[in-house]
Amino acid sequence: MGDMTNSDFYAKNQRNEGSHAGGFGCSLMDLRTLMELRGNDAIVKIQEDYGDVEGLCKRLKTSPTEGLAGVATDLDKRKETFGRNLIPPKKPKTFLQLVWEALQDVTLIILEIAAIISLGLSFYQPPGEGNEACGAAAGGVEDEGESEAGWIEGAAILLSVVCVVLVTAFNDWSKEKQFRGLQSRIEQEQKFQVVRGGQVIQLPVADIVVGDIAQVKYGDLLPADGILIQGNDLKIDESSLTGESDHVRKAPDRDPMLLSGTHVMEGSGRVLVTAVGVNSQTGIIFTLLGASGEEEEKKEKKGKMQDGNLENSQTKAVKKQDGAAAMEMQPLKSAEGGESDEKEKKKVNVSKKEKSVLQGKLTKLAVQIGKAGLVMSAITVIILVLYFCIDNFVVLKRPWLPECTPIYIQYFVKFFIIGVTVLVVAVPEGLPLAVTISLAYSVKKMMKDNNLVRHLDACETMGNATAICSDKTGTLTTNRMTAVQLYVADVHYKEIPDPSVLPPKTLEILINAISINSAYTTKILPPDKEGGLPKQVGNKTECGLLGLVLDLKRDYQPIRDQMPEEKLYKVYTFNSVRKSMSTVIKLPDGSFRMYSKGASEILLKKCSRILNETGEAKLFRPRDRDEMVKKVIEPMACDGLRTIGVAYRDFSASPEPDWENEADILTDLTGICVVGIEDPVRPEVPAAIQKCQRAGITVRMVTGDNINTARAIAIKCGIIHPGEDFLCIDGKEFNRRIRNEKGEVEQERIDKVWPKLRVLARSSPTDKHTLVKGIIDSTMVEQRQVVAVTGDGTNDGPALKKADVGFAMGIAGTDVAKEASDIILTDDNFSSIVKAVMWGRNVYDSISKFLQFQLTVNVVAVIVAFTGACITQDSPLKAVQMLWVNLIMDTFASLALATEPPTESLLMRKPYGRNKPLISSTMTKNILGHGVYQLVIIFTLLFVGENIFDIDSGRNAPLHAPPSEHYTIIFNTFVMMQLFNEINARKIHGERNVFNGIFRNPIFCTIVLGTFAVQIIIVQFGGKPFSCSPLDLDKWMWCVFLGVGELLWGQVISTIPNSRLKFLKGAGQLTEKDEVPEEEMNEDNEEIDHAERELRRGQILWFRGLNRIQTQIRVVNAFRSSLYEGLEKPDSRTSIHNFMTHPEFRIEDSQPHIPLIDDTDAEEDPTLRKNSSQPSSPNKNNNAIDSGINLTTDTSKSAASSSPGSPLHSLETSL
């Protein structure tokens, strides 16, 4: 690249091949300038400079059909000349930078300053040392000969600060490292199809070089820039580069330029790679962004803000964006702005600092605790100083002598240090640490459970999930399609027939139609190991059809060899609008034949003829079609088969049809056959779904399949059970129910559908997105629903983005889907989602365990330091000891409690809501209970300890007195109690056996034992720095005994039922108010107004208004009755409040939904409809088509019904 200008000059003047860099026919600059052109300009430029794309291939020494030879030397030379396909990542923060960041902590800075002052003062020998006038102040300094050791305290504080900083920095560093590892894994996973030496191979993206011939297909994320050589119906979403949301059509003669980082939305094609890495369009943008650190971060943040897609579910921006339904479908990538190649995800992920629900709650809590600590420490310092001054200068009437000043100052510094230590202990800096450790640990372990987590907070959100909308194909089923039934030549074969019984003409057309009209990348390969199943490569449905060809004892390869991909005249690729795929070929006599395949009922609508038993085409009228649907397609679908129709049509050579006019081309077909393809349910799915249901998570199936197939599979999976009141509807019916007369989606209408909806069939991606959004925005249930969605197709992008947690399929998923997702399922298996739920709940529980432990220590330490200081002028726990306690309880405890492995029992309870307080009433009970125990013990030791143990009292010791046994015992007992309480903290739901599963967590055992060992060392050999004096065995046994008392006391606490302690409810509730972040509160109100507005719009029907008045009267009555009965419980208030705002929801809901109305009677009077359809539900049940199966019409199960005691219940019964 050195002689770039030089070669550029040559390139312009004389096309001197030899002088080009590396002996290629064009230089890097030529290609760069070429790639900056678009559309027509680009075609003109290629023609001027190279003749055509073939000419460019020659210059780049590659063949458009065979690709590169793949010789190592050639590849290296290309990498040298044109660069590698890598965008150099941002440098990670060095360890020292992380240390520096950890030092920014305010409390640590205060401590450092205090320690330095203390150090300075201890080295300063005041002149008035011997002056008696300073009185007691200087007392006990000389006689001990200890004054030289005064520096130790300052030094020890500094040392412990260093410890804390190093531990924090190390944690950050290892987290960063893990993230990098994760990133590189995601990168290596991304492979791309490239032709080398005539063979199609999968290459890691980084190995693609200029001159490669790459095959692009639906759903790919382009890894490099290139020029299209041949394409079928290729449409590209370039919004990530240009911001244009419309899909751009690409064709060799219209616009052949493909840019890296854009998405293939439809079609397929072959591309000559012309620019990679830093020279590709995305690379250039990144170099402009100065992919160095700071600017990049700012840009990211800006990008994030503008997108308003701050994954935080609380942002209201989401609302604004919803107006534009059009926009809804595009922002597949909006959150990542210009970010495109997988390479750059690093930057995104590192700067993704939005707070999740949990972190929001924690930050709030930490701030509150910190404030309380600050107040306490300030009061401590003030009291100490005042007490000292009054004692010395008022009571003893001593003058303030200048020579005594340093001694007084030393006292004041000591007081200040005590105050700071109170603060240090009060502030739970371990909280963020615990979250990080817990999440990082979970993410690492989830890799083993086939969950590749892309956004850390998704892990913990998953624990709160209340609904999972899952795809069917590949997630619930194995995605190994096999053809099992066939309707051909007027006969319905229940298993694949012998080819000899079929009319030869029909057989011939069928084999051709399947072999040619399928992506040539789809193949069936021999099994990897003997006796295994054949390997299916490419689109699985097509694999099923190719399997049918093989079952009919024919081979598809020779047919494909005869008609190679270049010769296909026109291809209409499959997309979610067409729901079919067609290929046009030119027959030897110049006429055209088009083969089509697609969803059977859609394809049959386009057929006007069908091949009969002799292989002749006979008329196919709509009524024949209806009969066929009843006799063939429905029975197949009820067996859980997917039905695919195959058809063809012949066109004359002249006049040539207008291929762009799809409506005319894709009609008047001749049906060949209908194939029933089975996709068996994965064996582990039913159990996994049962677990979800037990855990309070509703599983809904959203699929593109027909309704009968979907229902059959849903029953096999256990998503629906016969005899339940649920809904199975298809996309059309769904849209009819949720849209008003103007065709707009109304939240209140969705609210009538989703609670009972279990299967949504024949759904478009928009339906999926609407459903997810509707469930998330719904205000009819007290807890906001947390929705997880699985998706694999490009079209699932919007839904994956909108959901709280998006799961993409690692194997079947397209790059676009992976890009939009939060977690990638590396084995595409539904049961991995259950594991994710388990880990998510585990994270939440780990944090709660840690909180329970931490708060107990905080409360006790702060109270002890505070009262001790006020009563005895000196904190019983010294600064350094406090720091040690802080280290155990923060850093080590967070490690120990955050790494508890999850257990199955986590799945036995309902999800915590988004606004459930972090500290449950059981935890409050434990914290207060243990706090009381510890305080009683410590104060007993402090005030009467010297008598019990028969030792000198440590109270009122002078400034530099040696450490006393008395205070050492207090310190030691305190630490022992913490250690044993750490074991208690392992259970937060009031379980009895706290040792259960303790050996499954080696980290926990190590930390507890390690802390114990270090404590022995500190007490026995800590001496002056730790203010400890060695204890004998007897006293040690007492300390340990008092510690073990914690375990026994824990049992006592857990016997007290929560209901006895009325005030605890208050404590739990109180935190709830603080815990809900303000935005969430506002959002709730806003959503209610939003819904109100919707209601007003929908109140054209007068009977609704009437309904409303009746409801309000009923509500008032219910209120009255409940007040008289004294039923008004605090927890039912919310439901009443909801009731007032959305009266219809409740009323409608208490009448079971019976969706048995056909399109015809949809318009009749709704009131009538409600009543008339109720009795008819059981016997209509057999009309499976669009009905929900409704046997039990149990009102009390209504989605919003509340506890029997609450007024709402009385209301429902009065209905």
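Colleague: In strand 16, which residue is the bridge partner of Met581?

Modeller: This is a predicted model, in which local features need pLDDT of at least 70, side-chain atom pairs count only at pLDDT 80 or more, and totals for chains, interfaces and linings use all residues. Residues are numbered from 1 along each chain as its sequence is written, and side-chain values use heavy atoms, leaving out hydrogens and water. Strand 15 and strand 16 (residues 592-599) run antiparallel, joined by 7 bridges; strands are DSSP runs of E, at least two residues, numbered from the N terminus, and two strands pair if DSSP finds at least two bridges between them. The partner of Met581 in strand 16 is Lys597.

Colleague: Which residue stands opposite Thr583 in strand 15?

Modeller: Strand 14 (residues 570-572) runs antiparallel to strand 15, with 3 bridges. Opposite Thr583 stands Val571.

Colleague: Why is strand 15 largely enclosed by the rest of the structure?

Modeller: Burial decides it here. Buried means under 20% relative accessible area, exposed over 50%, and partly exposed in between (1.4 Å probe, protein chains only). Strand 15 (residues 580-586) is largely enclosed because its buried residues number 6 of the 7.

Colleague: In strand 23, which residue is the bridge partner of Asp730?

Modeller: Strand 23 (residues 757-761) has 5 of its 5 residues buried, so the rest of the structure largely encloses it. Strand 21 (residues 698-702) runs parallel to strand 23 with 2 bridges, and Met701 there stands opposite Val759. Strand 22 (residues 727-730) also runs parallel to strand 23, with 4 bridges. The partner of Asp730 is Ala761.

Colleague: Which helix gives the most to the positive patch?

Modeller: The patch gathers Lys177, Lys444, Lys445 and Lys448 on the surface. Its members have over 30% relative accessible area and no salt bridge, with like charges joined within 9 Å (nonpolar side chains within 5 Å); a salt bridge puts a Lys or Arg side-chain nitrogen within 4 Å of an Asp or Glu carboxyl oxygen. Lys177 sits in helix 8 (residues 151-189); helices are DSSP runs of H or I, at least four residues. With 3 residues, the most comes from helix 17 (residues 430-448).

Colleague: How much accessible area does the nonpolar patch have together?

Modeller: Ile382, Leu386, Ile390, Val394, Val395 and Leu396 form this surface patch. Areas come from the Shrake-Rupley method with a 1.4 Å probe, and only the protein chains shown count as cover for residues. The area together is about 550 Å².

Colleague: How many Å apart in space are Gly840 and Cys459?

Modeller: Gly840 lies in helix 32 (residues 830-872), buried at 0% relative accessible area. In sequence, Gly840 and Cys459 are 381 residues apart. In space, C-alpha to C-alpha, the separation is 5.1 Å.

Key:
Lys, Arg positive; Asp, Glu negative; His and termini not counted. Charge placed at Lys NZ, Arg CZ, Asp CG, Glu CD.
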